[in-house]
Amino acid sequence: MNAKDFLNALNDADDAYVWQAGHAGKTGGSVTARRGRRLVLRALLAAVIVIALAATVYGIGELIGIWNDRWLQTPAPDPEQVVREAVSRQIEKDYTISVTVEEIRADAAETRKIFSWEPDSVLALRSGYGPKPAALEGKQLAEVQAVYARYTVVYDHTKTFYRDGTLDQYFYLVQTEDGNWVIFDSSDTQELPLNQPDGGGSCP
Amino acid sequence: MDDQNIMDLYWERNAAAIDRTAEQYGSYCTAIARNILQNEEDAEECVNDTWLGAWNSIPPKRPENLGAYLGKLTRSKAIDRWRARHREKRGGWTVTLALEEIAEVIPSNASLEGELLKQELIQTINRFLDTLPETERNVFLCRYWYFEEITDVCERFGFSRNKTNLMLHRTRNKLRKFLKQEDLL
């Protein structure tokens with residue numbers, strides 16, 4: 001072990017100690033302020049720019065419906081149950097008029113693909129085959145699950161521009177240390193015409 | 001907005017999570033990055049990396065102390081940047097000084113290898129911190145976790161420079177003794 005190892009390992013010191021030290025002392029955080037209010041103001045300005053950019057991106061995303069992965073979920077031991085509930089709970093959103101779950105099933109092939117981060121997995125294609133999601137780092141195959149869902153949803157288009165109808169979608173889950181599964185991402189939806197749930201649509 | 005609400009936003013994959021995080025912890029994380037990098041532009045970039053790191057790791061993570069979690073992310077990313085800059089021989093002398101101070105009690109050049117040993121070291125460090133009186137522990141962490149300059153540590157705690165240096169010197173000696181007891185030196 002050397003000094004660098006020590007300083008690296010110190011990063012994982014107990015949260016309570018780290019937090020306490022950062023806010024300790026007679027003057028608390030004002031040391032920074034006294035060292036240069038101008039620097040702090042610049043940091044705040046940068047934060048405001050980040051917020052403004054994020055808000056703009058979010059607003060655009062809201063309009064075109066790319067934030068369709070905002071799921072109200074409850075971690076549970078059954079991944080299919082987590083997805084079923086997340087889809088069903090769309091009804092709790094004020095822009096949802098109705099939602100009916102048609103089919104929920106675990107998909108072993110897509111699971112293997114995202115675990116191995118193969119270019120033809122739905123998630124990899126959507127991300128432009130970018131880096132493997134951080135949520136999958138350190139996970140075993142048994143701790144990863146892709147779940148296919150088909151559901152019919154009707155949204156109030158005075159409140160949202162999300163695509164509705166009968167939709168196919170993949171949900172991606174990982175198992176946490178307590179044994180429960182959580183959704184960490186979902187694919188884009190593929191629309192099928194309403195009233196024709198078997199009208200040629202297939203998994204994305 | 002409290003930590004729990006911010007965490008819920010992350011778990012809903014709501015981009016507003018980043019805004020709320022920046023509002024709540026922007027200055028805290030920026031101070032950490034600034035201490036290490038000594039460069040405002042690098043510090044801002046580092047903090048933006050922290051927000052991205054949080055977005056990519058929550059979920060599946062659900063840190064109990066969001067502030068400390070973000071602080072650790074920032075420290076780790078800032079040290080990575082510091083190393084990259086250090087290779088280019090520019091800036092970041094606060095970390096160099098801190099490393100030299102720690103090297104007084106941990107003189108080995110051999111690098112620690114293996115995740116198990118690292119985990120053991122982390123546990124040992126936490127046990128060591130448990131043994132320290134509160135003020136001494138805070139001073140030690142302000143210097144070696146937050147990489148604050150000695151003058152800032154003095155100012156924060158209202159101590160003279162001599163008192164601060166002496167306290168840090170004694171704590172480092174305690175550290176050496178503790179690590180020897182634990183067979184890590």
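What follows is a short chat about a predicted model with chains A and B.

Reader: Ground rules first: how are residues numbered, and chains lettered?
Author: Residues count from 1 along each chain as its sequence is written, and chains are lettered from A, ligands numbered from 1, in the order in which they are written. The model is predicted, so local features need pLDDT of at least 70 and side-chain atom pairs count only at pLDDT 80 or more, while totals for chains, interfaces and linings use all residues.

Reader: OK, chain B. How many helices and strands?
Author: Chain B has 9 helices and 0 strands. Helices here are DSSP runs of H or I with at least four residues, strands are runs of E with at least two, and numbering starts at the N terminus.

Reader: And how much of chain B is buried?
Author: 42% of its 185 residues. Buried means 20 or more other C-beta atoms within 10 Å of the residue's own; 12 or fewer is exposed, in between is partly exposed, and C-beta atoms are placed from the backbone.

Reader: What share of the contacts in chain B join residues at least 24 apart?
Author: 63%, among contacts between residues at least 6 apart in sequence. A contact means C-beta atoms, placed from the backbone, within 7 Å.

Reader: Take B:Lys72. Buried or exposed?
Author: Buried, because B:Lys72 has 21 C-beta neighbours inside 10 Å. B:Lys72 sits in helix α4 of chain B.

Reader: How do the axes of α1(B) and α2(B) cross?
Author: At roughly 150°, coming within 8 Å. Axes are lines fitted to C-alpha atoms, for helices over the stretch in contact, with angles from 0 to 180 degrees between N-to-C directions. So α1(B) is roughly antiparallel to α2(B). The cut-offs: under 35 degrees is roughly parallel, over 145 roughly antiparallel, 65 to 115 roughly perpendicular, the rest oblique.

Reader: Which residues make that contact?
Author: B:Ile6, B:Leu9 and B:Tyr10 come from α1(B). From α2(B) come B:Ala16, B:Ala17, B:Arg20, B:Thr21 and B:Gln24. By class, that contact has 5 nonpolar, 2 polar and 1 charged. Ala, Val, Leu, Ile, Met, Phe, Trp, Tyr, Cys and Pro are nonpolar; Asp, Glu, Lys and Arg are charged; the others, Gly among them, are polar.

Reader: Now the interface. How many residues of each chain are in contact?
Author: 57 of chain B with 50 of chain A. On the chain B side, α2(B) gives the largest share, 9 residues. That side has 27 nonpolar, 17 polar and 13 charged residues.

Reader: Over to chain A. What's in it?
Author: 7 helices and 5 strands. In order from the N terminus, the elements are α-α-α-α-α-β-α-α-β-β-β-β. Of its 204 residues, 31% are buried.

Reader: Why is α1(A) called largely enclosed?
Author: Because 6 of the 8 residues of this helix (residues 3–10) are buried. They are A:Ala3, A:Asp5, A:Phe6, A:Leu7, A:Ala9 and A:Leu10.

Reader: Which element of chain A has the lowest mean pLDDT?
Author: Helix α3 (residues 30–35), at 51; helix α5 (residues 79–88) has the highest, 94. pLDDT is the predictor's confidence in each residue, from 0 to 100.

Reader: Where is pLDDT below 50?
Author: Residues 63–69 of chain A are one such stretch, with 15 contacts beyond near neighbours in sequence. Residues 193–204 of chain A also stay under 50, with 19 contacts beyond four places in sequence.

Notes:
Contact = placed C-beta atoms within 7 Å.
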